[in-house]
Each structure stands twice: as C-alpha cells, then as structure tokens.
Amino acid sequence: MKDLITKVELSTDKPSRYEEMLSAIEAITENESNQITNLANITAVINVFFNFLWTGFYLVEGDELVLGPFQGAPACTRIRYGKGVCGTAWKEQKTIIVANVEQFPGHIACDSKSKSEIVVPIFAHGKVSMVLDIDSEKLNTFDETDQYYLEKIKV
Ligand code: SME
C-alpha cells in the first residue's frame, strides 16, 4: 500500500489516472470496516492522484449535510437540504457539474479560490447517505469522465 500511494507515477490521460485511483481506493479500503477511516483515506487518495483544491464528504444527518473527512482548507460545516451545490445534488439525487460556481444560483462559497465544482451523491439502501464534493481553482475542470469514475467509488 505504501508503494502504491507514495511511488505512484501519474498517468497523463484522465481515464487511466482514474482507473489507477479506483484500484488504490479499493486496495486501501477493502480490509477496513470503519467508514470514517475509509472516507478519510478516499479523500487522501483522490488528492494524491488529482491534487484538487478541495476534496471531501458531507454526510446526511437529518435535514442537513454535515462536514465529514476532507483534504484542503477548513470548510462550511452544515448545508441544508436543497441548498448550495451539495444540497441540490442530495435533493435531485444526481451528480451536478458546475463549470463556473459564480453561475450556480445559491452556490455556497467556502473558499473564494474555488472556481468549478462536482458533487456526486452516494447512496445507501436506495437513499442518499452522503455526497462527495470536489472543488477546483480552475474554471470548467469537471466533465462526464470525472462523473463516470467518481460515481464508481465505493465507500
Ligand atoms: N460549494 C459547496 C459548499 C461546500 S464547499 O465547496 C467545500 C456548495 O455550494 O454546496
């Protein structure tokens, strides 16, 4: 595992890099049952492979999302159902790609450096149990390839 993460040579094409990231996530989570542990490691692995501005989970708690494990700057702690990009992905139960956060009505700015964003809902027993939120300091960072692979992450 140590070698897999510290000596990784990053593929230049995005699909290959995502395939390698998914293998690393599976390797690091398959023998661990603690979910917080796995979420923490998943954010760290995504960061190793892509070094986005911010990568983290928000966990459903009642009618709010609560900040979970993440990599990056301290972030907003609670997001209401239907609010911001995260709360909207939860409500609509689908991945949301935002090319320019300034053009998403109700976007919640935790960090003014964030310019584009993708939020992927994660399901347990048919309901959204958390969302994976990734922010980029560049406009228009995320596309269907990111969506395709990020939706494959098993927590
Ligand atoms: N931008 C998000 C809030 C979370 S931060 O990006 C970490 C949103 O609008 O829901």
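**Reading the fold and the ligand site**

Guide: One begins with the inventory of elements: there are 5 helices and 6 strands in the protein. The model is a predicted one.

Visitor: Which pattern does the protein follow, read along the sequence?

Guide: The order is α-α-α-β-β-β-α-β-β-β-α.

Visitor: What radius of gyration does the protein have, and what would a compact globule have?

Guide: For 155 residues, a compact globule would have a radius of gyration near 15 Å, and the value of 15 Å for the protein agrees with this. The C-alpha trace spans about 40 × 35 × 25 Å along its principal axes.

Visitor: How should I read the sheet?

Guide: Strands of a sheet pair through backbone hydrogen bonds, in either a parallel or an antiparallel way. Here, 6 strands make up an open sheet with antiparallel pairing, and their order is β3-β2-β1-β6-β5-β4.

Visitor: Why is one side of β3 and of β4 left without a neighbour in the sheet?

Guide: β3 (78-80) and β4 (96-98) stand at the edges and each has a single partner strand, so one side of each lacks a neighbour in the sheet. On average, neighbouring strands of this sheet are turned by 25° against each other, direction ignored.

Visitor: Over how many bridges do β1 and β6 pair?

Guide: β1 (residues 54-61) and β6 (residues 127-136) are paired over 6 bridges in the antiparallel sense. Within this part of the sheet, Gly56 has Asp133 in β6 as its bridge partner.

Visitor: Which helices should I examine against the sheet?

Guide: Helix α3 (residues 35-50) lies across β1, β2 (64-71) and β6, and runs at about 55° to β2. Helix α4 (residues 84-92) also packs on the sheet, where it touches β1, β2, β3, β4, β5 (116-124) and β6. The direction of α4 makes about 40° with that of β5.

Visitor: How many residues surround the ligand, and which are the closest?

Guide: The ligand is surrounded by 13 residues, of which Val85, Cys86, Ile108, Glu117 and Asp135 are the closest.

Visitor: What percentage of the ligand's area does the protein bury?

Guide: The ligand taken alone exposes 310 Å², and the protein buries 99% of that.

Note on methods
Residues numbered from 1 in each chain as written. Predicted model: local features only at pLDDT ≥ 70, side-chain atom pairs only at ≥ 80, totals over all residues. Heavy atoms only, no water. Pairing = 2+ DSSP bridges. Helix = DSSP H or I, 4+ residues; strand = E, 2+ residues; numbered from the N terminus. Axes fitted to C-alpha atoms, helices over the stretch in contact; angles between N-to-C directions. Contact = heavy atoms within 4.5 Å. Near = heavy atom within 4 Å. Areas by Shrake-Rupley, 256 points an atom, 1.4 Å probe, with all protein chains shown as cover. Rg over C-alpha atoms; globule rule 2.2 N^0.38 Å.
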